[in-house]
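Please look over the sequence and the model below before reading on.

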Amino acid sequence: MEYLLILLAPIFGGLIYGMERVVRARMQNRVGPPILQPFYDMYKLFGKEPFMINNYHIVFAIMHLMTLWVAVGLVIFGANLLYVIFIHLLSSIFLVLAGYSVNSVYSHIGSNRELLSIVAYEPILIFVAVGFYILNSSFDIDIIRSQVSQVPQLVLLFLAFLLIIPIKLKKSPFDATEAHQEIVGGVEVEFSGVFFEILYMAKWIEYIFIYSILLLFAGDSFLYGGLIFLSVFFLVNLIDNSTARIKIEHLVKITLFIGLSLSVLNLVMLGV
Amino acid sequence: MSEYILMLIFLPLVFAITILFNSVRVRNIATYLFVTFLVVISIRLFLFNTIIELSFNHMVHTIFIVIDFILMGYFFYQGIKYKDKLIGIFAVIQLVLFVVFLQFSHTLISQDILVDKVSLVMLLVVNIIGGIIILYSLQYIQSEEFKACKKNLFISILFFFIGVMNLIVTTNNIEIFFLAFELTTLCSYILIRFRNDELSIINARRALWMNQIGGVAILLSLLSGVYYYDTIYYDTLIQNIDGLFLLPISLLVIAAFVKGASIPFDKWLLGAMVAPTPVSAILHSATMVKIAPYLILKISPAFSPTISLAVIFFGTFVFMSASLLALGKDFFKEILGLSTIALLALMMAIASIGTPEAINICLILIVFHAISKALLFLQAGVLEKVYHLKYLQDIDYLASRSKLLVFFIVVGFASLALPPFGAFIGKFASIELVASLVRENIFYIFPLLFILIGSVFLTLLYFKVLTKLIAQDNKVYETISIPWTYKFTSFILVGLLFFGVYISYVYNFMSHLEIIVAAFLILLTFALLYMLKFKNIKRVSTYNCAEKDSVILSAYYFHIANKYKELIVYISIFIMVIVVYLGII
């Protein structure tokens, strides 16, 4: 069962991505593409003639995808949450290296911003793990998932986590790392055809990763899980549609300041 | 076994003298043999894993005291010669304190040499990593413009340093510890001013007076120890100490902060960069700064909970601040230096917790940090000597020039920041450990915060540096061959890093699954980079949105305003004062 879930993770991710495009279109009063549009895109990219710049570029992209997939696999198997976060960090690092391995300005700017965004979200992600650890005296995702929902105790950490979701999913107002209109997709700019597919698929898996961490807050309840997922999904897209992009410096400052204060406050509350 | 210890301490000193007047060839062969000898002995000692005790006779003690006086006299002479008030004053203070100390007698007697598990690990680090660096410097020093005799002197001093380090990590007598501490100060002073130009001498003098502060702290600790607790030995002091009066201990903590180059003492280690690169390598990895976490490990059983908390605050705060300061640097060695300062502070913080788990984590950090930093500094030397590059902004497109060099640097940085390497395991376990302390005492939340932010800064720093190396362009560069000694020593260090992964697998530093997964991912990356060449796919140049302008690589620099730098210094001095204060109440 777990293996099947891991194998199908990209498909689910693709479906979420497709759904997202529909939801966003409806918010803008458009009809929008069909839900399966990401898969059609995939199919079309297969037909393109492959071009590449150098092999580092491609290998790092492949490793980005692999590592992210492994991270999702570890979440599904219920491994150590802190460890999963570091494997996820490794995958982001591969993406950064891929961006730097070509001699292109936009790619480099994208990588630089990716690095800065790591500074913004990584401490908060680890604090979320620490919050769970203090409640359950274990980092094991299995144990965290077998508890009743811990949102009441971790409500501030939950909010801090909500703050970083748009960074990882490249949603407005925190989408400066990708910023299509400004730096043409950042790291993505030099990928084309079948190689772009690697990054495209990694993006879907990133959805699964972020939402599966989010579901830890729901504990063992499917009902809560569904509720949290749907409401956060809706909220993220609503905010994406209604805000403008902010600069990367502001992104780092805002998330670190607000996110860390919320996290520390929450842990102090747990302690007393 | 005790003769092995004596060999490790005194043979390097004898050997240092014998190679002074030999030809290059004889010197090199003898050095290879002797380093092998040191490595074999330290490994044998480690494998026997017994507690070794021995004492020196009265005669040796007297010689030690004479050497002490000569040393202080030499420092005083240096103070006069360069008209440096600080050095002179500290030398006089040391002299006075030492004479006062000699008036006291003590009745609680213990062993002069006491080798336990921690010492054995330190011996391994000193002899293996130190040995490898000496082999490297055989080649390096030939490319410097010194007289043949001075080149031999360089190698001699490095051996002398190793002998002194072997003494410092095995001794149980604080008086001998003070002597060895001053001798390491002397070694670093001579090595830093080795080039004998103006800048070297200024930096060496700074290193000298800062380290003299450490010496003064140890002497004060000795005095208070002998006055209040009637002993000058670590083990009897720790057994008999009263939790309400910990002055001898808190003064030793200050000495550790000095040797570990923690802020505000960071200037001496950063100034040491002017010396030939092997000096930085040996100061940062195998010797000198490693005294700091070792000393804290040694005295942490006597810590009161408040002192322990204060040291953790200090260590983690410096860890975060030094990582932050490193983000604004451009000089490759300076970046490495600040990251050393950061990690040493982390080691001291973890060591001060003092539980068996914390001791293990600290040892893991000491060992693997030593290997990674040695590897990185050796590459810094290659960059300087072979490619004539010092600054980060110049080392563009290195991947197009030397794949091997980039490989070494990537492994060096990756092994400090990523799983499954030892330094990562240490950091990971530290986070777990401090998180578990938060459950008991909510104040630990701040050290935890500092560690998290600091380690994210460090990761950002390492990969910011890598970004400059990894970019490739299509120009054809002439290939420059790297001398085989450089490659050989670097490969041994890389081998040690991967051997460390195997060791952590066998001894379960992390769960098997966690190590296998990460090792698989890292090895897969190297395998793919090596094998996947995509021969049949059409190459294009970068799209770059069709802009024709040439690309100039650059990385982010973080400008840290002076007022923040000052704030950092004030906060760390404040915590240091608190540590001493906690010793008195």
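This is a predicted model: local features need pLDDT of at least 70, side-chain atom pairs count only at pLDDT 80 or more; totals for chains, interfaces and linings use all residues.

In which loop of chain A is Ser137(A) placed? Ser137(A) sits in the loop between α5 and α6 (141–145) of chain A.

**Contact between chains A and B**

- Chain A contributes 52 residues to the contact, and chain B contributes 47 residues.
- On the side of chain A that touches chain B, the elements giving two or more residues are β1 (51–52), α3 (55–77), α4 (81–100), α5 (105–136) and α11 (248–271) of chain A.
- The most is given by α5(A), with 15 residues.
- By residue type, the side of chain A that touches chain B comprises 39 nonpolar, 11 polar and 2 charged residues.
- Strand β1(A) is joined by 2 bridges to strand β3 (residues 538–539) of chain B, and the two run parallel.
- Within this pairing, Phe51(A) has Lys538(B), in β3(B), as its bridge partner.

**Nonpolar core**

- The largest nonpolar core holds 311 residues, and Leu365(B) and Ala374(B) have the most contacts inside it.
- Helix α16 (residues 356–385) of chain B supplies the largest share of this core, 19 residues.
- Leaving aside residues up to four places away in sequence, Ala374(B) touches Ile129(B), Ile132(B), Ile133(B), Ala281(B), Ser285(B), Ala286(B) and Leu493(B).
- In soluble globular proteins, nonpolar side chains tend to be buried together.

**Helix packing in chain B**

- Two packed helices are described by the angle between their axes and the distance between the axes.
- The axes of helix α7 (residues 174–192) of chain B and α8(B) come within 9 Å and cross at roughly 175 degrees.
- Because angles over 145 degrees count as roughly antiparallel, α7(B) is roughly antiparallel to α8(B).
- The contact of α7(B) with α8(B) is made up of 12 nonpolar, 10 polar and 2 charged residues.

**Residues with positive phi**

- Ser137(A), which is not a glycine, has a positive phi near 45 degrees.
- Ser137(A) has 11 other C-beta atoms within 10 Å and is therefore exposed, the limit for that class being 12 or fewer.
- Asp230(B) is likewise not a glycine, and its phi is positive at about 60 degrees.
- The loop between α8 (198–228) and α9 (234–240) of chain B holds Asp230(B).
- Asp230(B) counts as partly exposed because it has 15 C-beta neighbours inside 10 Å.

**Cis peptide bonds in chain B**

- Ile263(B) and Pro264(B) are joined by a cis peptide bond, with omega about 10 degrees.
- Pro264(B) is placed in the loop between α10 (247–259) and α11 (266–271) of chain B.
- Another cis peptide bond joins Pro419(B) and Pro420(B), with omega about 5 degrees.
- Pro420(B) lies in the loop between α18 (403–417) and α19 (422–440) of chain B.

**A buried loop residue in chain A**

- Val189(A) belongs to the loop between α8 (180–183) and α9 (193–215) of chain A.
- Is Val189(A) buried or exposed? Val189(A) is buried, because 25 other C-beta atoms lie within 10 Å and 20 or more are enough for that class.
- From C-alpha to C-alpha, Val189(A) and Val128(A) are 33 Å apart in space, and they are 61 residues apart in sequence.

Terms used: Residues are numbered from 1 along each chain as its sequence is written. Chains are lettered from A and ligands numbered from 1 in the order in which they are written. Two residues are in contact if their C-beta atoms, placed from the backbone, lie within 7 Å. Helices (H or I, at least four residues) and strands (E, at least two) are DSSP runs, numbered from the N terminus. Ala, Val, Leu, Ile, Met, Phe, Trp, Tyr, Cys and Pro count as nonpolar, Asp, Glu, Lys and Arg as charged, and the others, Gly among them, as polar. Two strands pair if DSSP finds at least two bridges between them. A nonpolar core is a set of buried Ala, Val, Leu, Ile, Met, Phe, Trp, Tyr and Cys residues joined through C-beta atoms within 7 Å. Axes are lines fitted to C-alpha atoms, for helices over the stretch in contact, and angles run from 0 to 180 degrees between N-to-C directions. Angles under 35 degrees count as roughly parallel, over 145 as roughly antiparallel, 65 to 115 as roughly perpendicular and the rest as oblique.
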